[in-house]
Amino acid sequence: MNTRKRRILIFIDWFTPAYKAGGPIKSISNFVNHLSSDFNLFIVTSDRDLGDNHPFSNVKFNHWIQNDEYSIIYLSKDCQKATFYHSILKKIKPDSIYLNSLFSYRFSILPLICFKNIVKPIFLSPRGMLGPESLRVKSLKKKFYLFVSKIIGIYKNVTWIACSETEQQEIFNIIGKNSSVNKIPNLPVIYSQTNSSNVSKEKGVLSIICICRISPIKNLTFLADVLSKVNGQVSLSIVGPIEDSSYWKQCLLKFNSLNSNIKVNYLKEKTPFEITDLINNHHFLISTSLNENYGHSIVEALSVGCPVIVSNHSPWRELNENFAGENLDLVIEQYAEKINFYSLLNQTEFLKYRNGAIDYFKKKIDLDIFKEAYIRLFS
C-alpha cells in the first residue's frame, strides 16, 4: 500500500544557484540529495547570493518551482514577511519545519515567531553559530537576542540538530540543559570515494588549499604567521568570498610580506564543481578556523583522497593515526612543523596519505547510518 511521503518545509537564507555562503548551502544540498526519495521537500530561500546587491537572473521569484528532487521558492525581500510565511504554511501543509540558521531574522527568527503556536515539529540546525568564537562576533547583539529569546520561550518547542558532540554541548550551555537535542552529523556529498587525482608530489614542494569565507573567525592571519615559519616551496590557494574587507587587508599585509618560497593565490569564489577540481589538484587542504562545527570542505577533501591539516576546533580527530593528515592546536609552531614535514614527502610517501584520507572518510562517514538517523528524526 502506498503511503504519502511526509512533507518537510525548509528555511535557509541562501540556496543554489547561491554558493558563497558555503557550508549551510552544502548541508541542505546534501540533505536533499540523500533524502528526496524519502520525503517531499519544500525549500524557502532568498532571491540572491550572500553579499549580492542584485537578485538572481533567469529565476522566477515568489512562485513555487518544481525540480526533480524538491520544490523551491525564491523570495524577494518584500515577501520575506509573516503574512507570506503563513500563506506558505497553509499551502504546503508540512509535517515538519526545518530551520537552518540561528540569528537570521528573515529565515529563522521570523518563521519561529510565526509558527510558534502551530502543532508541527520544528527542527533547527544552528550551523556552528553557538560556538564561542562565533558568539564573539557582534556579541552584545547576540547576547541580547538570546536573553530575550529565553524570556519569551521562542525555542521552547524546538528540536535542535547538532552535527557534533561539541555543538550539542554548546546548545545545552547557551540554550539550556533541558533542550531537546539530536546529535547527527551533516550528510556529505555523495561521491564514488575513489582517488581521482593525478597530482604528483615532489620532495620539498607542497601545494595547500584553504576554502573559507574571508572573516576573522577563519583565522587567516594566523595561517600567514604559520607560513612565515615554513622552509619549503609552498603554494597556498585561498578560495572564498570576502566577507570582511578590512580583515582581508590585514591578511594581505601579512601574505605580501612572506618570503619568496611562499606563494599565495586568492582565487575568489568558486562554484562547488570548481572547488572539487581545485581540491583534486592540491596536496593538502588546510583550515585554521577558530570554530568549525563540521567543515564540508574538510569532508569533501577526505572523500576524494586529499589529506587535511585542521585545528582541534573542528570535530575531526585521529587524522595522523590514520595517515589522513593532522588535527592540531592553534599553535604557530605546530602548524609550521607539520607543513615542513609534509613538504618533504616524496610521491610514494604522499600516496600513503592520499589513500589514508579515503580510508578515513569511509571509516568515519557512515552514510547509511547518518541517513537513517535523519529519516527516523523527520518521520
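In this predicted model, Thr 159 stands opposite Ser 180 in β8. Thr 159 itself belongs to strand β7. The two strands, β7 (residues 158-162) and β8, run parallel and are joined by 4 bridges. Thr 159 has a relative accessibility of 17% and therefore counts as buried, the cut-off being under 20%. Beyond its neighbours within four places in sequence, Thr 159 is in contact with Ile 122, Phe 123, Leu 124, Ser 180, Asn 182 and Leu 377.

Strands β7 and β8 form part of an open sheet of 8 strands. The order is β3-β4-β2-β1-β5-β6-β7-β8, and the pairing is mixed. The edges are taken by β3 (65-66) and β8 (180-183), each of which pairs on one side only. Helix α1 packs on it and touches β1, β2 (40-46) and β5 (96-99). The direction of α1 makes about 165° with that of β2. Helix α3 (residues 105-115) also packs on the sheet, touching β1, β2, β5, β6 (122-124) and β7. The direction of α3 makes about 155° with that of β5.

Elsewhere in the sheet, β1 and β2 run parallel, joined by 5 bridges. Ile 10 has Ile 43 of β2 as its bridge partner. Strand β2 is largely enclosed by the rest of the structure, because 6 of its 7 residues are buried.

Helix α1 is mostly covered as well, with 10 of its 13 residues buried. These are Ile 25, Lys 26, Ser 27, Ile 28, Ser 29, Asn 30, Phe 31, Val 32, His 34 and Leu 35. The length of α1 agrees with expectation: at 1.5 Å a residue, its 13 residues should span 18 Å, and its end C-alpha atoms are 18 Å apart.

The loop between β1 (7-11) and α1 (23-35) holds Lys 20. Lys 20 is buried, with a relative accessible area of 15%. Its side chain makes a polar contact of 2.6 Å with the side chain of Asp 52. Neighbours within four places in sequence aside, the contacts of Lys 20 are Ile 25, Asp 49, Leu 50, Asp 52, Arg 213, Pro 241 and Glu 269. Pro 17 lies in the loop between β1 and α1 too. A cis peptide bond joins Thr 16 to Pro 17, with omega at about 15°.

Two further backbone features were found in loops. Most residues other than glycine have a negative phi, and most peptide bonds are trans. Asn 219, which is not a glycine, has a positive phi of about 65°. Asn 219 is located in the loop between β9 (205-211) and α7 (220-227). Its relative accessibility is 11%, so Asn 219 counts as buried. Glu 318, likewise not a glycine, has a positive phi of about 60°. Glu 318 sits in the loop between β13 (308-311) and β14 (325-328). With a relative accessible area of 41%, Glu 318 is partly exposed.

A second open sheet was also identified. This sheet has 6 strands in the order β11-β10-β9-β12-β13-β14, with parallel pairing. Strands β11 (262-266) and β14 stand at its edges. Each has a single partner strand, so one side of each is left without a neighbour in the sheet. The twist averages 20° from one strand to the next. Within the sheet, β9 and strand β12 (residues 284-286) run parallel and are joined by 2 bridges. Ile 209 stands opposite Leu 285 of β12.

Helix α10 lies across β9, β12 and β13 of this sheet. It runs at about 155° to β13. Helix α10 (residues 296-303) also packs with helix α12 (residues 347-364). The angle between these helices is about 115°, and their axes are 7 Å apart. From α10, Val 299, Leu 302 and Ser 303 make the contact. From α12, the contributors are Ala 357, Ile 358, Tyr 360 and Phe 361. The residues of this contact divide into 6 nonpolar, 1 polar and no charged.

Key:
Residues are numbered from 1 along each chain as its sequence is written. This is a predicted model: local features need pLDDT of at least 70, side-chain atom pairs count only at pLDDT 80 or more; totals for chains, interfaces and linings use all residues. Side-chain values use heavy atoms; hydrogens and water are left out. Buried means under 20% relative accessible area, exposed over 50%, partly exposed in between (1.4 Å probe, protein chains only). A polar contact is a pair of N or O atoms within 3.5 Å; within protein, one must be able to donate a hydrogen and the other to accept it, and residues adjacent in sequence count only if both atoms are side-chain atoms. Contact means heavy atoms within 4.5 Å. Two strands pair if DSSP finds at least two bridges between them. Axes are lines fitted to C-alpha atoms, for helices over the stretch in contact, and angles run from 0 to 180 degrees between N-to-C directions. The expected span of a helix is 1.5 Å times one less than its number of residues. Ala, Val, Leu, Ile, Met, Phe, Trp, Tyr, Cys and Pro count as nonpolar, Asp, Glu, Lys and Arg as charged, and the others, Gly among them, as polar.
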